[in-house]
Amino acid sequence: MADLSIDLAGIKSPNPFWLASAPPTNTGYQVQRAFEAGWGGAVWKTLGDPIINTSSRFAAVNFNGQRVAGFNNIELITDRPLDVNLKEIYETKKRFPNHAVVASLMVEPTQEKWHEIVKRVEDVGVDGLELNFGCPHGMAERGMGAASGQQPDLVEAQTYWVKEVATTPVIVKLTPNITDITVTARHAVKGGADAISLINTINSLAGVDIHSWNTIPHIGGKGAHGGYCGPAVKPIALNMVAECARHPEVTVPISGIGGISTWQDVVEFMLMGSTAIQVCTAAMHHGFRIVEEMIDGLNNYLDEKGLASVTELTGKSVSKYSNWGDLNLNYKVVARINEDNCINCNKCHIACEDTSHQCIDMLTNAEGKAILKVREEDCVGCNLCSIVCPAEGAIDMVEVDSGLPPMTWNERQRVVGSLSGSYSKAEVV
Ligand SMILES: Cc1cc2nc3c(=O)[nH]c(=O)nc-3n(C[C@H](O)[C@H](O)[C@H](O)COP(=O)(O)O)c2cc1C
Ligand code: SF4
Ligand code: SF4
């Protein structure tokens, strides 16, 4: 069995599965039960000046029968007094000395406030700090959370203030509500961050009730924007993690967050550069025990791959993530329909005919049966037909020789430029 233990910038944990700062990590009772269930670490529900939450604060987006495809919340940081949380953190750490207990923090963006809270939480024995620069609602309107996390200078300054007094590793949690997350990631590194975590939730409105015309959720007839998370955000989070992982100035380890609910998701986040991962929505949907399946699945996968340690996964796919301008334009795939598995639903023909390149012909075979055939010379390999096909194995996307040598867009532009004498350095990224 492989070694699942990890070390995120000096924070050690028996496995890479951490609960994200959120309702599952609200109390000592919960965190301790989570550790008993198998979670390796927990980022405590964000500490700061306790707030008052609204009643009615979560909503889910169900899609085509799948419950909680996305999850939306307008909850703020902890609503419990700091003293109570600190006492429970102390007790939890005492009971579980080998698990990672990280305190998530959010205060007003002043040096004094940061110094004060860092000292207080480190006194109770936390393994690390996570600075919540990501909460998109409520706190942001008061200059905290995403509001300060959207200003690279403030990310850097606040990280610096924390590092002035912190004795444990500092993780900066980034907001996705920004054009280029690598900018704030780089400023966190410049401020001295030991690691970054991403993503926090994405600005969202779960829906509008078309009968009452109220927002979902609504608080006595009024709503406000919330934060989106859960399986629906995974591709967005994975891209942001990958962009940070491949950026040469983002030199610190990453804790990946966003839509993770299976061991396969964990593997993907690790391959794209995460050292550890955090989960919120999946634990809220299915309970703490989903970690059991994650641990088993990851263990089996590592054994199958012949890997002795989970840490060997980290970053293995990062070099495969590139700029568009560096992709080979002469790589070619075409669709091939396998008659034996086709159920003649015609969905591929409609998709190609209406919205792609009109290259799936309706023919009749020697036995007089209607069949579909791809004109490979006209197929651009867009994948759409295979995406809409409901029958397993009915369409394969097959690599074919284009007869041309590899050539990227950027290489092409250089050649074109040198021929016309107007070489431009502009490249597509
Ligand atoms: C109800 C709720 C409350 C949350 N509260 C916090 C919080 O206090 N601090 C924080 O840093 N993130 C908070 N988050 C964000 C999560 O930690 C996490 O970044 C986000 O939900 C994405 O992960 P997921 O897709 O696994 O849910 C909260 C999320 C939810 C759903
Ligand atoms: S891959 Fe695209 S272009 Fe080719 S047959 Fe399918 S839908 Fe048409
Ligand atoms: S979508 Fe798939 S199953 Fe339907 S006709 Fe095309 S190949 Fe056959």
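Colleague: How many salt bridges does the structure hold?

Modeller: The structure, which is a predicted model, holds 17 salt bridges. As a general idea, side chains of opposite charge can pair when their charged atoms come close. One case here is lysine 45 with glutamate 75, whose closest N and O atoms are 2.6 Å apart. This pair links distant parts of the chain, since lysine 45 sits in strand S4 (residues 41–47) and glutamate 75 in the loop between strand S6 (66–73) and H2, 30 residues apart.

Colleague: In what order do the strands of the barrel follow one another, and is their pairing parallel or antiparallel?

Modeller: The barrel is closed by 8 strands in the order S3-S4-S7-S8-S9-S10-S15-S16, and the pairing is parallel. From one strand to the next, the twist averages 25°. To look at one pair in detail, take strand S7 (residues 100–105) and strand S8 (residues 128–132), which run parallel and are joined by 4 bridges; within this pair, alanine 103 stands opposite leucine 129 in S8.

Colleague: Which strands does helix H7 lie across?

Modeller: Helix H7 (residues 234–246) lies across strand S10 (195–198), strand S15 (254–257) and strand S16 (274–279), and H7 runs at about 165° to S15. S10, S15 and S16 are among the strands listed in the barrel order.

Colleague: What is the strand order of the open sheet?

Modeller: When reading any sheet, keep in mind that in a regular strand the side chains alternate between the two faces of the sheet. The open sheet here has 4 strands in the order S5-S6-S14-S11, with antiparallel pairing. Its edge strands are strand S5 (58–63) and strand S11 (202–204), each of which pairs on one side only. On average, and with direction ignored, neighbouring strands of this sheet are turned by 45° against each other. Inside the sheet, S6 and strand S14 (residues 226–229) pair in the antiparallel sense over 3 bridges, and asparagine 72 has tyrosine 228 in S14 as its bridge partner.

Colleague: How many residues lie between S18 and S19 in their hairpin?

Modeller: The hairpin formed by S18 and S19 has 5 residues between the two strands, and glycine 368 in the turn has a positive phi of about 85°. Strand S18 (residues 360–364) and strand S19 (residues 370–374) pair in the antiparallel sense over 5 bridges, with threonine 364 standing opposite alanine 370 in S19.

Colleague: Turning to helices, at roughly what angle do the axes of H1 and H2 cross?

Modeller: Two packed helices are described by the angle between their axes and the distance between the axes. For helix H1 (residues 28–37) and helix H2 (residues 82–95), the axes come within 9 Å and cross at roughly 20°. H1 and H2 are therefore roughly parallel to each other, as angles under 35 degrees count as roughly parallel. H1 passes H2 in a right-handed crossing. In the contact, Gly28, Val31, Gln32, Phe35 and Glu36 in H1 meet Glu88, Glu91, Thr92 and Arg95 in H2, and by class these residues divide into 2 nonpolar, 3 polar and 4 charged.

Colleague: And which residues meet where H5 contacts H6?

Modeller: The axes of helix H5 (residues 152–165) and helix H6 (residues 181–190) come within 7 Å and cross at roughly 25°, which makes H5 roughly parallel to H6. This crossing is right-handed as well, with H5 passing H6. Pro152, Asp153, Val155, Glu156 and Thr159 in H5 meet Val183, Thr184, His187, Ala188 and Lys190 in H6, so that the contact has 4 nonpolar, 3 polar and 3 charged residues.

Colleague: What about the phi of asparagine 346?

Modeller: Asparagine 346 has a positive phi of about 75° although it is not a glycine. Asparagine 346 is found in the loop between strand S17 (332–337) and helix H11 (347–355).

Definitions and conventions. Residues are numbered from 1 along each chain as its sequence is written. Chains are lettered from A and ligands numbered from 1 in the order in which they are written. This is a predicted model: local features need pLDDT of at least 70, side-chain atom pairs count only at pLDDT 80 or more; totals for chains, interfaces and linings use all residues. Side-chain values use heavy atoms; hydrogens and water are left out. Axes are lines fitted to C-alpha atoms, for helices over the stretch in contact, and angles run from 0 to 180 degrees between N-to-C directions. Angles under 35 degrees count as roughly parallel, over 145 as roughly antiparallel, 65 to 115 as roughly perpendicular and the rest as oblique. A crossing is left-handed if the near helix is turned anticlockwise from the far one by less than a right angle, and right-handed if clockwise. Contact means heavy atoms within 4.5 Å. Ala, Val, Leu, Ile, Met, Phe, Trp, Tyr, Cys and Pro count as nonpolar, Asp, Glu, Lys and Arg as charged, and the others, Gly among them, as polar. Two strands pair if DSSP finds at least two bridges between them. A salt bridge is a side-chain nitrogen of Lys or Arg within 4 Å of a carboxyl oxygen of Asp or Glu.
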